[in-house]
Amino acid sequence: MSTPYGSFEAVIGLEVHAQLLTRTKAFCACETSFGDPANTHTCPVCLGLPGALPVLGEEAVRMAVSAALALGCTINPRSVFARKNYFYPDLPKGYQISQYEEPLATHGHLEIETEAGKKRARLLRVHMEEDAGKNVHDARSSESLVDLNRAGVPLMEIVSEPDLRSSEEAAEYLKRLREVLMFVGVNDGNLEQGSFRCDANVSVRHRGEHALGTRTELKNINSFRFVAEAIDIEARRQIALIERGDRVRMQTRGYNADRRETYLLRDKEGEAGYRYFPEPDLPPLVLDRAFVEDLRVALPPTPAQRRRRLVDELGLTPQAAAVLTGHPQISSFYDATVLLYAEPVKAANFIQSEVLRDVRVSGLSADIPVSPNQVAELLRLVDKGTISGKQAKDVYARMRATRARPEEIVRERGMSVISDEGALEAMANKLVAENPKQAESYRAGKANILGFFVGQMMKLTGGSADPAIVNKVLRRVLSPGGDPGVEKVAPTPQNTGTLRPGAVAALRDEERGSGARRSPVPSDPSAPGSGRRDRDDQSPMAHSVPPPPPLGPLEHTTLTSASAAVLAPASDHGPEETFARLDLRVGRVISAERVPRRDGLLELGVDVGDEAGPRRILASLALSFAPEQLVGQRVVVSCAVTPRDIGKGLTSEGTILVAASGEGLALVTVTGGVPPGTRVR
Ligand SMILES: [Zn+2]
């Protein structure tokens, strides 16, 4: 393996301070909101006034434990807060409340992958502490001010073992750590605003040596790129010192990105300098097993688990899986779309090529201009042949940032086109009749004249016809021995503009079998045979695709592998096995509301045909939907799940598996992974 450091190697350990997204500070009830006027969120506790007593907030503990569990850590049943004593103007108490000898959690790990290969980076510990305030340096008055709004905000510090050997590994570690915290929902991953801060401990040694060299600590570097740069530059600085016969001194250093050099901040204090001692004002933090296990059960799948599922079960490429799990909101948007539309690869392609172009993310929130419902419906319109893939992009452009249903847009704009070869054939017949010379040349053996006809057809259809179908139809019409005359074509339903019942479905099956992309037929309303038979409610679709039969509350259906994975995110059981053990029922959502103070959680009332009345289900799965979109929809519910306390006095009486739009949709359709015929029990 090539090394950036010649006969030396770098030994890197990272300490990350991640702000926990609690509503209040760690040890008082002050709000954690930022950007407000200085010192407006303070109280005797966080101002460090004498006699004020800290009280640990439960929300911070829940978040820290959840994150530590997601990182594979062992949660210590008992941990102890300690005072870390030092003076700084933004630390009025003269000490920071942290954890030292007995931290919250130990021994986790992160899987990282670089060009050097896959690697498991071990975590030494995860502990809780509080943030300090902020010094504000006013350039005009040469005065420095202190803002204590941030003092007492809860942090978790995640300390790695010195397992990393290159800046590339360090950057990869930070990315993976950041995404885990974001997917657990405890940190917004914002490096610029300082809610995810990294210090790097760097030392060097000759390759093959085992003893650790003297390390320096690089402080507060606010981008992944700068962390990587700073590590390389610092490692080379240390190597140069050693090669000159000097020794590396234990120091805390900063990084100047403009000059591309690290610089001395201070000679590093030994830990003894902090005079740690147990915080006398706080009792040890004792966590009972049930508290921890509840949080473990409630953990969402990690980004790595999500990527594995997308590749292994849904058939996506690793690149697509990485893009679609790039942010928690994008990931849940994709998951929700796949629950509504059972062709994961097509959904992935469309979301990547169209939807993600418009998405703006900021911290944990993402501005996605459409709903999963809209995307699913749009893709179904393409599948049915109602519109072409190209038209789908136009419909998408009109649908963005509105609640409009794709079907309405298609209807209003008269975009809907007929879906069988009949119309194309009629068009081809007319074209051939109008161009007898060219037709004659083709029949005389000039095969390349076909291109002329294909071009004309594409022009007539505004480019919305599928070239493969156009080719096929033209060959048939032009083929020697065949009669191209329009007058001899019998007025079948296909070419008079009325669809044969079932034509769409038949076409669909045929295309599915061949794997061909479907996007037939003309969009130009003046084109022969296309007409505009779809501007009223009596659209051809309404005629040609029979609405699905009404589903009874316990009617059987089949499930997709996508819904299986949502059902058992962290389970070792395969989807089939999971299904076999569950009581799955179709239900109807009769109410949906946001749960106060639990972002992203909806409370659904679902009628599953029980005499006892509707189930009360707390669903984060539904977070991509506005509550009003869910009411009235059919869903698949796992009723056998034991009513589960999910904290704050909230109990869920089931798990919602599949949310499908009502009108005109099958509840669930079949796809790979789960064999057709798997029953809802
Ligand atoms: Zn306070």
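Reply: Happy to; what follows goes through a metal site and then some helix packing.
This is a predicted model, in which local features need pLDDT of at least 70, side-chain atom pairs count only at pLDDT 80 or more, and totals for chains, interfaces and linings use all residues. Residues are numbered from 1 along each chain as its sequence is written, and side-chain values use heavy atoms, leaving out hydrogens and water.

Me: Which atoms coordinate the zinc ion?

Reply: The SG atoms of C28, C30, C43 and C46 do, at 2.3 to 2.4 Å. Donors are N, O and S atoms within 2.8 Å of the metal (3.2 Å for Na, K and Ca), and water is not among the atoms, so sites may look incomplete. Along the sequence the spacing is C-x1-C-x12-C-x2-C. Distant parts of the chain are linked here: C28 sits in the loop between β1 (8–19) and α1 (44–47), while C46 is in helix α1, 18 residues apart.

Me: Why is the site of the zinc ion called tetrahedral?

Reply: Four donors count as tetrahedral if all angles lie between 85 and 135 degrees. The angles among the four donor atoms of the zinc ion are 101 to 115 degrees, so the site is tetrahedral. For reference, the ideal angle for four tetrahedral donors is 109.5 degrees.

Me: What makes α10 and α11 roughly antiparallel?

Reply: Helix α10 (residues 372–383) and helix α11 (residues 389–399) pack at about 155 degrees, with axes 10 Å apart. Axes are lines fitted to C-alpha atoms, for helices over the stretch in contact, and angles run from 0 to 180 degrees between N-to-C directions. Angles under 35 degrees count as roughly parallel, over 145 as roughly antiparallel, 65 to 115 as roughly perpendicular and the rest as oblique. The pair is therefore roughly antiparallel.

Me: Which residues make that contact, and how many are nonpolar, polar or charged?

Reply: Q374, V375, L378 and V382 of α10 meet G389, A392, V395, Y396 and M399 of α11, where contact means heavy atoms within 4.5 Å. By class there are seven nonpolar, two polar and no charged residues. Ala, Val, Leu, Ile, Met, Phe, Trp, Tyr, Cys and Pro count as nonpolar, Asp, Glu, Lys and Arg as charged, and the others, Gly among them, as polar.

Me: How do you know that α9 and α11 are roughly parallel?

Reply: Their packing angle is about 25 degrees, with the axes 11 Å apart, and they are therefore roughly parallel to each other. F350, E354, V355 and D358 in α9 meet A392, K393 and Y396 in α11. This contact divides into four nonpolar, no polar and three charged residues.

How values were computed
Helix = DSSP H or I, 4+ residues; strand = E, 2+ residues; numbered from the N terminus. Tetrahedral: all angles 85-135°; square planar, octahedral: opposite > 155°, others 65-115°.
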